[in-house]
Amino acid sequence: MFLQSRRHFFQKGFVGGAVLVFCSGRLFGAVSTMQTIQVLQEDLFGNTTNAPTPQEVRAQSYLAMILQHSRVSQKQKEFIRNGIQWLNEEALEMFHKSYVALAKQQREAVLQSVTDSRWGESFVHAIFAYLFEAMLGDPIYGINTDESGWKWLQHHPGLPRPKKAVL
Amino acid sequence: MIYDVCVIGSGAGGSPIAYELSNAGFNVVVLEKGKEYTEADFTKDELAVSRRDIYTPLLKDEKHIIIDRAEDGTLTRYDGEEYSWSFWNGSMVGGSSNLMSGYFHRLKPNDFRLKSVYGAIEGANVVDWPIRYEDLEPYYTKVEEVVGVSGKVTPHKFAEPRSTSEFPYTSLEENGVTQWFDKACEHLKLSSIATPRAVLPSAALGRNGCSYSNFCGSYGCATGAKGNARAALLKRCKAKIITEAFVYKLDSDASKVTQAHYYDTTLNSHTIKARIFVLAAQAIESCRLLLNSKNEHFANGMANNNNQVGKNLIFSAGGTGQGRFHFEKLTPQQQKILMEPGVFFNRSLQDWYEYEHEGKRYKGGTIDFLFEHANIIPRVMRELYDENGRIMWGEALQQKIHKSITTSRVLTFEVFNDWLPSDHCYVGVDEKVQDKYGVNVGVIHLYSHPHDLKVGKTLAQQARKVLEMMGADEIRSNISASPPPNLVAGGCRFGNDAKTSVLDKNCKAHELENLYVTDASFMPTGGSVPYTWSIYANSFRVAHKLLQTLRKRRV
Ligand SMILES: Cc1cc2nc3c(=O)[nH]c(=O)nc-3n(C[C@H](O)[C@H](O)[C@H](O)COP(=O)(O)OP(=O)(O)OC[C@H]3O[C@@H](n4cnc5c(N)ncnc54)[C@H](O)[C@@H]3O)c2cc1C
Ligand code: SF4
């Protein structure tokens, strides 16, 4: 199970770190990427009792792990990192605060605004892709806890299921 | 040591040669670029197999350059790595046949005589084959028996002649929705065909029967039921297989290939000598290897003094479509039938394999119907957009996903028609870009003849009518000029004239005495079906010729 063995990465990997964000051309400061991702995932998927939450399926740590993987291109890794930066810059332009510091309604407005642009839509699409990988991939990867994602959608996984994590 | 035969590439094209010749007592070595996986290694790990593509090379290590030609002649260059455009299909012992779905169709007699029957088409290099259907028929039958093809013979107006009355293996278990399909076809006066599959319904040939794992295409088979080249052939013969051996160059004198060079994983180079070389690295890579094998006798690449290697590359033309069945319109019993996992929806239509339009006779094609792939992540991702095409999020999205996945199911169709060969669709080699081995990468020049789109759209319209009659909603189709990388052929077409073909009718290079090519590159036209049954059959045919040659030599 690779999530456990790679915990150390959360402190030093690029998603585990921070991004510098600028507002109107001036440096605002550093923003934690993992915090942004955690809040963004919850905003995007919603938090209801009908479905597992991103946190329950460990979507945040999965994203951090998969963005280290050799089979995810450098371009994709940079895109996610830049996306976090742009999202925060949009939050600063609109409300003078970083994304995580905003109220729910303000974050909603930021999401509406960024998804009007192509990069914003692609960024949200990419965040969803990794979120659903965590929710619907095999629990052998330390995700989809108690198969809660599969149960939510009454999904029958293919057999045989993986006996070891190969990624 | 000098082997009798060296086979390069262990997939559907190479394995029948290895099987037949090694079982006949000849000393055969197979050089395969990928690793060996066994049944025990194959699982339905969606993240690893379908999201991270573990069975194909990383594009940063190995890629293609793609040059796309638009209808107005404009060329656009794409770097495969930059655009994540992959033409790799399965690098492993058994090749991409491990990952196929095994929808199997034979070619029809007229596919061997496309030019004579339907005439020339401007801008396309349509030719007749140098062999007839009758020459290949015994080998189609052999594949049914040795590789294992299950099905039920359905008489219809374009059914090809068979030397046996039935398939050796009975049809696989089917989802009850096939009955809705059959009824719709009856209304529309169409012949519903039970699609033959290279899948064993029960234990036979030393392999297990299908477990209806619900994840067939793109995944390796854990039971051995799928008729992939490894389980069906390589495991049942004495050929020596060298894995992780990337062949990068062939040497020759004026008339014979003398040796093959390969790199192992540590980039050490090795040499294999053999009396006969059989190349089957899949169409694009076979052409690339020949083009990269230049010497004083073959300045343009091996077997390429007539500049034919790489020419007339083809794919399967057509596209896909779908319709959705919603619970709202169904009884509880029908809902249950619809959602039954595992069992297959094996149905095809060939009523328009040939058709007339405004008094003109057209070559049409095949339509396969199947439930959409069970992979859950793409099915969920498709729900991200609302009816105005805007990306959604939050609770509304959650509800949309849940409703769609749990109370409806998508039936898809795949259209297969001829991709007309032309001067603009071919394989070359990039002068500068190299892969991780330091070998020049292949360049895929793409061009799809407008005629292909026309035919594909005609077929898709007919398929949509069937879905409508079945009561499906949200019916749509997408016929496009984009090539399916897993259905590729041509590039070393066979023919009687050495000036216009690379191989003779027995798939031996015109220009060399001991070089054969047995993947789909030999095909001058592709027919209107997926290729693998024909690749297997032709390779068994060539194996038969090779056996005769080798036995004569032995005497
Ligand atoms: C997901 C999927 C679904 C499919 N479904 C169907 C279907 O339903 N019906 C159907 O008819 N067909 C289907 N196919 C297509 C089918 O798999 C191919 O037509 C068939 O396997 C092609 O045979 P081949 O011998 O040309 O290539 P492959 O079977 O791919 O074998 C080529 C082998 O050569 C090796 N190789 C390449 N270069 C080198 C080198 N330089 N040195 C050494 N080795 C090398 C490769 O690693 C590979 O193992 C499907 C394919 C895929 C990927
Ligand atoms: S067991 Fe059956 S369904 Fe599963 S991969 Fe093998 S042939 Fe396909």
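**Ground rules.** I number residues from 1 along each chain as its sequence is written, with chains lettered from A and ligands numbered from 1 in the order in which they are written. Because the model is predicted, local features need pLDDT of at least 70 and side-chain atom pairs count only at pLDDT 80 or more, while totals for chains, interfaces and linings use all residues; side-chain values use heavy atoms, with hydrogens and water left out.

**Entry 1: the two chains.** I looked up who takes part in the contact (heavy atoms within 4.5 Å) and found 47 residues from chain A and 40 residues from chain B. The size of an interface is often given as the accessible area lost when the parts come together. Here chain A and chain B bury about 3500 Å², taken as the accessible area (1.4 Å probe) that two parts lose on being put together, summed over both. Carbon and sulfur atoms hold 63% of that area. On the side of chain A, the residues losing the most area to chain B are A:Arg71, A:Glu133 and A:Leu153, together 18% of what that side buries.

Entry 2: I counted three salt bridges between chain A and chain B, each a side-chain nitrogen of Lys or Arg within 4 Å of a carboxyl oxygen of Asp or Glu. One of them joins B:Arg51 to A:Glu133, with the closest N and O atoms 2.8 Å apart.

**Entry 3: ligand 1.** I find 36 residues around ligand 1, and B:Gly13, B:Glu32, B:Ser96, B:Tyr103 and B:Thr532 come nearest; the cut-off is a heavy atom within 4 Å. Oxygen atoms of ligand 1 lie 2.7 Å from a polar side-chain atom of B:Glu32 and 2.5 Å from one of B:Ser96. At B:Met92 a polar backbone atom is 3.0 Å from an oxygen atom of the ligand. The protein covers 93% of the 1000 Å² of accessible area that ligand 1 has on its own, by the Shrake-Rupley method with a 1.4 Å probe.

Terms used. Polar contact = N/O pair within 3.5 Å; in protein donor to acceptor, adjacent residues only side chain to side chain.
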